[in-house]
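Welcome! Open your viewer, have the selection tool ready, and follow along one stop at a time.

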Amino acid sequence: MRTLINGLMIGLFVLGSGHLVYAGCGSQPGDEAAVIAARAMAESKCQCATSTNHGQYVSCVAGVAKSLSSGPSPTLPKNCKGAVKKCAAHSTCGKPGQVTCCFTHKNGPKCKNAKSTADCSGKGGTPTLDPMNTSCCSNTHPLTDNACMASPSGAFLN
């Protein structure tokens, strides 16, 4: 019986410590700053404004995220690569004419991509039109906020 209890306690310890190793992006101080820096590096290398293919843009950003999270001194935690790629995937880069569009929702502002400013407005949304942010991810809090939570007009601030 004692062996069984000891075995269970060791198993629980191993499972519990595994949670620390595999914590999600944002669980450690500096994760958000690392994601912001990685997005800036990706923008300098992948050039959203000149992208003509969304898939190629996302692939480029994924490559940047991978390189920043590997090697002898990574600047992006491995568990934050997905956050960088998610922002690229939810961007308008490589989709000429598309805009990010803010919608009022009972749980707070929501951001989605729209085919054009007219399409966004026609669906009851407000185009963000922020040339500094072509993604539905916030530039200042990409792990917790969407771009509409920090709209320049303040219309969608909490």
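Start by selecting helix α4, which gives the most to the lining of the second largest pocket, with four residues. Keep in mind as you look around that this is a predicted model.

Stay at this pocket for a moment. The second largest pocket holds about 240 Å³ of space. Now select Lys86, Cys136, Cys137, Pro142 and Asp145: of the 13 lining residues, these are the closest to the pocket's centre.

Next, move to the largest pocket, with about 410 Å³ of space. Its lining has 19 residues, and the ones closest to the centre are Arg39, Glu43, Met132, Thr134 and Asn139. Which elements give two or more residues to this lining? Select α2 (31–46), α3 (54–68) and α4 (81–89) to see them. Of these, α2 gives the most, with five residues. Colour this lining by class too: 12 residues are nonpolar, five are polar and two are charged.

For the last stop, select Lys123 and Asp119 and show their side chains. These side chains meet in a salt bridge, with 3.5 Å from N to O. How many salt bridges does a search of the whole structure find? The search finds one, so you have this pair on screen, within the 4 Å cut-off for a salt bridge.

Is Lys123 buried or exposed? Lys123 is exposed, with a relative accessible area of 55%, while Asp119 counts as partly exposed at 21%.

Key
Residues are numbered from 1 along each chain as its sequence is written. This is a predicted model: local features need pLDDT of at least 70, side-chain atom pairs count only at pLDDT 80 or more; totals for chains, interfaces and linings use all residues. Side-chain values use heavy atoms; hydrogens and water are left out. Buried means under 20% relative accessible area, exposed over 50%, partly exposed in between (1.4 Å probe, protein chains only). On a 1 Å grid over the protein atoms alone, a cavity is a set of points where a 1.4 Å probe fits but cannot get out, and a pocket is an open set with protein on both sides within 12 Å along at least five of seven lines; lining residues have an atom within 4 Å of a point. Grid points are joined across faces, edges and corners, and a volume is the space filled by probe spheres set on the points. Ala, Val, Leu, Ile, Met, Phe, Trp, Tyr, Cys and Pro count as nonpolar, Asp, Glu, Lys and Arg as charged, and the others, Gly among them, as polar.
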